[in-house]
Amino acid sequence: MEGETINNRERLPSDLQQIMTIARYDVLKHLRSRRLLGLLALEAVLIGLTFGLPLLLGADTPDDPTEYMSGFVGWANLLVVIGATMFAGDAIVSEFQARTGYLLFPNPVKRSAIFIGKYLSTLGIIVLMLAVYYGVAAALTFGMTGGASGLWAYSMLLAFAYGAGAAALGFLISSALKGS
């Protein structure tokens, strides 16, 4: 009997495997809810307006790559706040409201693995969203000015840190609330 218990423990996935599984399924949940596609559409609108509106209005555009890129960077904080609100705001509380979290607790999954997996999926989505936004903005800046500035990479790293903090705050609020 004791040998069976040891064999069952050996078959259980590690905490890291459980965290990655939870993160993967959380990303799939967001893809099914079309939140991620909505956020990418918002990015496209912001980039389109920032790039296309000055061209349509015949306004002068800066020749300096840093100055041109700053027009795009100004919208990054809005994207972080919206992303953190959409993906972290109800991450924990929705599991209890929809009763899906209770399905996990009888299984040998630690609460910390659930929390970390959900946080990593939210952080991954925010980082992906910002990387796409900054990448497109950098490409448009290079195309319009013929040059590039490395300052956009520092701005992107700061936006990643801001996104991690905003997601953590969203998770804190989600953990404290009783309903979404």
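1. **The patch.** Helix H8 gives the most to a nonpolar patch, supplying three residues. A helix here is a DSSP run of H or I with at least four residues, and a strand is a run of E with at least two; both are numbered from the N terminus. The patch lies on the surface and consists of Leu-16, Met-20, Phe-115, Ile-116 and Leu-120. Together these residues have about 450 Å² of accessible area. Helix H2 (15-32) and helix H8 (111-145) each supply at least two of the patch residues.

2. **How to read those terms.** A patch takes residues with over 30% relative accessible area and no salt bridge; like charges are joined within 9 Å, and nonpolar side chains (Val, Leu, Ile, Met, Phe, Trp, Tyr) within 5 Å. A salt bridge is a side-chain nitrogen of Lys or Arg within 4 Å of a carboxyl oxygen of Asp or Glu. Areas come from the Shrake-Rupley method with a 1.4 Å probe; for residues, only the protein chains shown count as cover.

3. **The model.** This is a predicted model: local features need pLDDT of at least 70, side-chain atom pairs count only at pLDDT 80 or more, and totals for chains, interfaces and linings use all residues. Residues are numbered from 1 along each chain as its sequence is written, and side-chain values use heavy atoms, leaving out hydrogens and water.

4. **Leu-120.** Leu-120 is partly exposed, because its relative accessible area is 38%. Buried means under 20%, exposed means over 50%, and partly exposed is in between (1.4 Å probe, protein chains only).

5. **The whole chain.** The protein has nine helices and zero strands. Of its 180 residues, 34% are buried. Its accessible surface comes to about 10600 Å², and carbon and sulfur atoms hold 67% of that. Among contacts (heavy atoms within 4.5 Å) with a separation of 6 or more, 86% join residues 24 or more positions apart.

6. **Helix H5.** H5 covers residues 76-88, 13 residues in total. The expected span is 1.5 Å times one less than the number of residues. That should be 18 Å for H5, and its end C-alpha atoms are 17 Å apart, which agrees. Buried residues in H5 include Leu-79, Val-80 and Phe-87. Down the axis of H5, the buried residues fall within an arc of 125°, so they line one face. The arc uses directions from the helix axis to the C-beta atoms. Their cover includes H2, H3 (35-57), H4 (65-73), H8 and H9.

7. **Helix H9.** H9 (residues 151-176) has 26 residues. From first C-alpha to last it reaches 38 Å, close to the 38 Å expected. Among its buried residues are Met-156, Phe-160 and Phe-171.
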